[in-house]
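Here is a friendly note for anyone opening this structure for the first time. Please keep the view at hand while you read.

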Amino acid sequence: MSEENGTVEAPTSHEHGNARPRREFVKGIAALTVAASLSAYDFRRANAEAPLETTHIRLVKGAGLCVAPQYVAEELLYAEGFTNVEYVSETTEIGTSKLVATGKADINMAFALPLIIRVDASEPVVILGGVHVGCYELVVNKRINEFRDLRGKRVAVPGAGSTHHLYLSTILSYVGVDPRKGVQWVFVSKEEGKQLLADGKVEAYLGFAPEPQELRASGIGRVLLNSSTDSPWSQYFCCMVSGNQDFVRKHPVAAKRALRAILKASDLCSSQPEKVARTLVDKGYSRDYEIALAVMKELPYRAWRDYNPEDTLRFYALRLHELGMIKSNPRKIIAQGADWRFWNELKKELKA
């Protein structure tokens, strides 16, 4: 979900050719099957719909566990009729929304802020809906008791213009600290940032899952802000689903089915955190089962049923506009960069 500078590794696929081995498919389905997600009714619905315009879809393999629904959705995408589900590697963290904008990926989960910036820049990204709130936490050392204590202090984030930098800038501005001159930004890699915090060489570090969980497990720092629980940040989507405009225009059926798979997968993260955490470890998305489980249990993955994605764009677009980071006002961002057709249909279709 991060938006940092770098290059992109060539796409990788989880398949051998165009037909995925039946044995591997059945094994994957068995690991995550729940009646509400892979029922005969769901298969009948998919079969009754218009045929997929393409059976090949590319998603992004990013750096965070907060986008777990995107990984869990792999099996559900096969159930939706896709035969080639490919994950593009984001090894040097160019930013997952950028991969969608450049056409290197078709559908992706990413933080709302960089998506808004891409829309403002007239890049071909369309926002389709929200998935969950939260996942970012601001971890500080013992010298920081409240936000005003951050004035003049060192704050580590992975790069100017990174999602971390954008998000913390909006937070600081919201609480009355000028992000342009009120703090000392330290731009380092995520691993370096966490180590600097542990060593007392910076006063704060903003991280997203699983980084906060890893810091807590190591006894490093304390949480000053948790975007899953602290208002107003907990009232708006963090991760949202976006698509490449050309892909969505040419393949509306595929786009809707991909969004449906991700939303169902998000429900799985909430209802079966143990199974999902084990799957994330088995598939190599996490090295630590306990950390993965903590993320699944802490993030509100069913929030997509209760929140309005348009409210999220309006809130964050206003924050970015006030900071001079975008030129467009919230109304223009929504008009140019959002398409809620599939979201509205699926909200009715997937009522619990």
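The numbered points below go through sheets, helices, cores and cysteines.

1. A word on the source before we start: this is a predicted model.

2. Let us begin with the five-stranded sheet. It is open, its strands follow the order E8-E7-E9-E6-E10, and the pairing is mixed. Strand E8 (184-187) and strand E10 (222-226) are the edge strands, each pairing on one side only. From one strand to the next, the twist averages 30°.

3. Within that sheet, have a look at strand E7 (residues 154-157) and strand E9 (residues 204-208). These two run parallel and are joined by two bridges. Ala 156 has Tyr 205 in E9 as its bridge partner. Helix H7 (residues 190-198) packs on this sheet, where it touches strand E6 (136-140), E7, E8 and E9. The direction of H7 makes about 140° with that of E9.

4. There is also an open sheet of three strands, in the order E4-E11-E5, and here the pairing is antiparallel. Strand E4 (107-111) and strand E5 (125-133) each have a single partner strand, so one side of each is left without a neighbour in the sheet. The twist in this sheet averages 30° from one strand to the next. Five bridges join E4 to strand E11 (residues 237-244), and Phe 111 stands opposite Cys 239 in E11.

5. Helix H5 (residues 112-120) packs with helix H6 (residues 163-174) at an angle of about 100°, and their axes are 9 Å apart. H5 is therefore roughly perpendicular to H6. On the H5 side the contact is made by Leu 113, Pro 114 and Ile 117, and on the H6 side by Thr 163, Leu 166, Tyr 167 and Thr 170.

6. Is helix H3 (residues 68-79) mostly covered or mostly open? It is mostly covered, with twelve of its twelve residues buried. The buried residues include Gln 70, Glu 74 and Glu 75, as well as Val 72, Leu 76 and Leu 77. After H3 comes Gly 81, whose phi is positive, near 110°.

7. Which residues touch the most other members of the largest nonpolar core? They are Leu 138, Leu 150 and Tyr 316, in a core of 105 residues. Helix H10 (residues 252-271) gives the most to this core, with eleven residues. Leaving aside residues up to four places away in sequence, Tyr 316 touches Phe 111, Ala 112, Leu 113, Ile 116, Tyr 167, Trp 233, Tyr 236 and Phe 237. Another core lies apart from this one; it has eight residues, among them Val 188, Leu 197, Val 202 and Ile 220.

8. How many disulfides does the structure hold? The count is zero. Cys 135 is in no disulfide, and the nearest cysteine sulfur, that of Cys 238, is 3.2 Å away. For a disulfide, the two sulfur atoms would have to be within 2.5 Å. Cys 135 counts as buried because its relative accessibility is 2%.

9. Cys 239, the residue opposite Phe 111, is buried, with a relative accessible area of 0%.

Key
Residues are numbered from 1 along each chain as its sequence is written. This is a predicted model: local features need pLDDT of at least 70, side-chain atom pairs count only at pLDDT 80 or more; totals for chains, interfaces and linings use all residues. Side-chain values use heavy atoms; hydrogens and water are left out. Two strands pair if DSSP finds at least two bridges between them. Helices (H or I, at least four residues) and strands (E, at least two) are DSSP runs, numbered from the N terminus. Axes are lines fitted to C-alpha atoms, for helices over the stretch in contact, and angles run from 0 to 180 degrees between N-to-C directions. Contact means heavy atoms within 4.5 Å. Buried means under 20% relative accessible area, exposed over 50%, partly exposed in between (1.4 Å probe, protein chains only). A nonpolar core is a set of buried Ala, Val, Leu, Ile, Met, Phe, Trp, Tyr and Cys residues joined through side-chain atoms within 4.5 Å. Angles under 35 degrees count as roughly parallel, over 145 as roughly antiparallel, 65 to 115 as roughly perpendicular and the rest as oblique.
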